Amino acid sequence: KGSFNNGDLTIDFEGHIITKQSQEVKLTPNEYKILTTIIKYPNKVFTRDELIASAFGNDFEGFDRTIDSHIKNLRQKIESDPRNPIYVKTIHGVGYKFGGE
């Protein structure tokens, strides 16, 4: 897929451009990697370890909880209501998945 667009959130994968309600959103490289990883597999629930491996590779130095802070920051930037996320959903006891249509 070259892009994602549901009218609210737009992601141009080739241009690395993300817009939320027509405003460009600046993501860190790690936030971008996490977002694009979960979007490419919209029905897959990623564990923290899978997200680390997919987004950062196996040479990632850090704790699995590091993912949680990236997710929190990502939600602040792309969710209309970060406390009730529609794009980056938490699947309790498992991990995270993409919830956008």
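In what sense do β3 and β4 pair, and over how many bridges?

Reply: β3 and β4 pair in the antiparallel sense, over three bridges. Before the rest, a word on the ground rules. This is a predicted model, where local features need pLDDT of at least 70 and side-chain atom pairs count only at pLDDT 80 or more, while totals for chains, interfaces and linings use all residues. Residues are numbered from 1 along each chain as its sequence is written, and side-chain values use heavy atoms, with hydrogens and water left out.

Elements here are DSSP runs numbered from the N terminus: helices are H or I runs of at least four residues, strands are E runs of at least two. Two strands pair if DSSP finds at least two bridges between them.

Now the sheet. Four strands make an open sheet in the order β1-β2-β3-β4, with antiparallel pairing. β1 and β4 (23-25) are the edge strands, each with a single partner, so one side of each has no neighbour in the sheet. From one strand to the next, the twist averages 20° (axes are lines fitted to C-alpha atoms, for helices over the stretch in contact, and angles run from 0 to 180 degrees between N-to-C directions).

Going along the sheet, β1 and β2 are antiparallel and joined by three bridges, with S3 opposite D12 in β2. Four bridges then join β2 to β3, again antiparallel, and I11 has I18 in β3 as its bridge partner. The hairpin of these two strands has four residues between them, and H16 there takes a positive phi near 55°.

Rings of Phe, Tyr and Trp (its six-membered ring) pair if their centres lie within 6.5 Å; planes under 30 degrees apart count as stacked, over 60 as edge-to-face and the rest as tilted. By that rule there are three aromatic pairs. One of them is F4 with F98, edge-to-face, with 5.2 Å centre to centre and 85° between the planes. F4 belongs to strand β1 (residues 3-5) and F98 to strand β6 (residues 95-98), so the pair ties together parts that are 94 residues apart in sequence. F4 is buried at a relative accessible area of 6%, and F98 is buried at 3% (buried means under 20%, exposed over 50%, partly exposed in between, with a 1.4 Å probe and protein chains only).

Y87 and F98 have ring centres 6.1 Å apart and planes at 20°, so this pair is stacked. Y87 is in the loop between α3 (66-78) and β5 (88-91), so the pair with F98 in β6 ties together parts 11 residues apart in sequence. Y87 is buried too, with a relative accessible area of 1%. F4, Y87 and F98 form one aromatic cluster.

Helix α1 (residues 29-40) also meets the sheet. The buried residues of α1 include Y32, I34, L35, I38 and I39. Among the partners that the buried residues of α1 pack against are β2 (9-12) and β3 (17-20), along with β5 and β6 (contact means heavy atoms within 4.5 Å).
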